[in-house]
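Please look through the sequence and the model first.

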Amino acid sequence: PEEWFVEAKIADTSPYYDFASVRAGSQFFVSDFRGFIFADVNRAVRLFGTRNSNRDQFNVLWFDQTEKDTNSLLNRLNEDRHQNTWIANYYRQDFLYPGNNVTASFHYNHDKPSMEFDRNNFLVRPDPVGVFAPHDVRAYYFGGASNGHIERINVSSAFYYVFGRDDLNPIAGREVDISAYMAALELSYDRDWVRFRSSYFYSSGDSNPNDDTGTGFDAIFAAPNFAGQEFSYWGRQGIRLFGIELVNRESLTPSMRNTKFQGQTNFVNPGLHLFNLGLDADITPRLKTINNVNFLWFDETAVLETYLFVGDVRKFIGADLSTGLEYRPLLNNNVLIEGGLATLIPGDGFKDLYQNLNGETRSHVAGFMEVVLEY
C-alpha cells in the first residue's frame, strides 16, 4: 500500500477544540496550496494541529524518502532513496480579508550522494550529463503562498527563495552555491457556472553555467496545480533532451534533470516565464471542462547553449493549447474520469533545440485518459 500510518492525539490545546497530534508512516502531504515545492506520498513523521479555534493550522514533518518504481511511480518500500526532507508551515485563514488564506513555510532538502539505475537500466542518479559523479545537494527554501478570494476576485499567489550548496553540479562541473527564486500569481473571476482565469509563473534561470552560483530555480518534488499543468503538453509529457528531460512530467520548471521521481534537483537550468489564459466551465454538476492557452519563454538560455554546444538559443518556447474534461459520475471524488488533448506549437527557442535535418519542427500533440478510484 502507498499510505499506511498510525496517529495519536498529543493534547487538546484550547477549550475550542484545538489540538496537537502526531502521525508516523507513509502519508500524503502537499506543502502549500498548489504543490509548488513538495507533493508526495512517502515515509514521514508529522506533528500537526490547530490554534485560535481552528483559524490557524501548523505542520512540522520529517520525510525519509523511499525509491520510486520507474514505471508505476509507486514507492519501493524496502529501498531507501538516500534523501531526507524537513518541512514546517503555518496557515492562517481570513488574513486581511475574509476568505483569503495564507501560509508561510520552510523546506530543507538533503539529497545525499548515490548512484541509481532505474528498472529500465538507465542511469537516473546522478544525472547523466556533464560530470555525472555522485554529489551532495543541500537546499533551503523560504517562502509563502496565498489562496482564496478578495471580494469577487479569486487570488492565488506564491513566492519562494532557495539557497544552499551542490558540491558537484553535473552541468557546471564544480561546486555551486544555490541562490534562486520563483513567483506565481493567478487571478480569476466567476460568472455563474464559468470561471475566467489568467496567471503568470516565473522561475529564475542561470545566466552563466560556468560560474560557482546556481541561480536556476528547481523544486524538491513538485506537482503544481497551476495554469492547467495537468492537461497541458508542457506540464504533462516530460520532454526529453539528449539524455535528460528538459521539463519533467507533472512539473513546470525546465530543471534539466533526468526525472523528478528519481533524479536530484538541478539549480543550473534556464528558468521559465509562463503566461496563461484559461476558462473553466461546470457544464453539469458531474461534468467540467478545463481550457488553457499558455505562452512560454526561457528566462535564460546560456545553460542550453553550453549543454548542447550550439550558438544562440532564442527564448520563446511556444504556445501550449489544451482542453480537458473532468467527469464525476457519483457527484463526489470517489470515481473521477479525466481526459484531455494538448498541442505545443513550437516557438523559435524550441526550434533551436529540436529542429530536424530538413529544417522543420512540427507541432506536438498528445492526448490522455485516466480513471481515479478513491475509497
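Phe63 has a relative accessible area of 0%, so Phe63 is buried (buried means under 20% relative accessible area, exposed over 50%, and partly exposed in between, with a 1.4 Å probe and protein chains only). This is a predicted model, in which local features need pLDDT of at least 70 and side-chain atom pairs count only at pLDDT 80 or more, while totals for chains, interfaces and linings use all residues. Residues are numbered from 1 along each chain as its sequence is written, and side-chain values use heavy atoms, with hydrogens and water left out.

**Aromatic rings**

- The structure holds 20 aromatic pairs; rings of Phe, Tyr and Trp (its six-membered ring) pair if their centres lie within 6.5 Å, and planes under 30 degrees apart count as stacked, over 60 as edge-to-face and the rest as tilted.
- Phe29 belongs to strand S2 (residues 19-30) and Phe63 to strand S4 (residues 56-68), so the pair ties together parts that are 34 residues apart in sequence; helices (H or I, at least four residues) and strands (E, at least two) are DSSP runs, numbered from the N terminus.
- Phe29 counts as buried because its relative accessibility is 6%.
- The rings of Phe221 and Phe261 have centres 5.7 Å apart and planes at 75°, so the pair is edge-to-face.
- Phe221 lies in the loop between strand S13 (213-214) and helix H1 (233-236), and Phe261 in the loop between strand S15 (244-247) and strand S16 (272-282), so this pair ties together parts that are 40 residues apart in sequence.
- Both Phe221 and Phe261 are buried.
- A cluster is formed by ring pairs that link Trp86, Phe106, Tyr108, Tyr140, Phe142, Tyr161 and Phe163.

**Charges over rings**

- The charged end of Arg46 sits over the ring of Phe48, 4.3 Å from the ring centre; a charge sits over a ring if NZ of Lys or CZ of Arg is within 6 Å of the ring centre and within 35 degrees of the ring normal.
- Arg236 has its charged end over the ring of Phe368, at 3.5 Å from the centre of that ring.

- Strand S1 (residues 4-12) pairs with S2 in the antiparallel sense over 8 bridges; two strands pair if DSSP finds at least two bridges between them.
- Val6 stands opposite Ala24 in S2.
- The hairpin formed by S1 and S2 has 6 residues between the strands, and Tyr17 in the turn has a positive phi of about 70°.

**Cavities**

- There are 2 cavities of 30 Å³ or more in the structure; on a 1 Å grid over the protein atoms alone, a cavity is a set of points where a 1.4 Å probe fits but cannot get out, a pocket is an open set with protein on both sides within 12 Å along at least five of seven lines, and lining residues have an atom within 4 Å of a point.
- The largest cavity has a volume of about 140 Å³; grid points are joined across faces, edges and corners, and a volume is the space filled by probe spheres set on the points.
- The largest cavity is lined by 17 residues, of which Ala219, Ala222, Ser251, Leu252 and Thr253 are the closest to its centre.
- The lining of the largest cavity has 10 nonpolar, 4 polar and 3 charged residues; Ala, Val, Leu, Ile, Met, Phe, Trp, Tyr, Cys and Pro count as nonpolar, Asp, Glu, Lys and Arg as charged, and the others, Gly among them, as polar.
- The second largest cavity holds about 60 Å³ of space, and its lining residues include Asp40, Gln65, Arg81, Phe221 and Phe261.
- S4 gives the largest share of the lining of the second largest cavity, 3 residues.

**Second largest pocket**

- The second largest pocket has about 350 Å³ of space.
- Of the 20 residues that line the second largest pocket, Thr70, Arg240, Glu245, Asn258 and Thr259 lie nearest its centre.

**Backbone features**

- Most residues other than glycine have a negative phi, and most peptide bonds are trans.
- The peptide bond from Arg125 to Pro126 is cis, with omega near 0°, and Pro126 lies in the loop between strand S8 (123-125) and strand S9 (137-150).
- Asn54, in the loop between S3 and S4, has a positive phi of about 70° although it is not a glycine.
- His82 lies in strand S5 and has a positive phi of about 60°.
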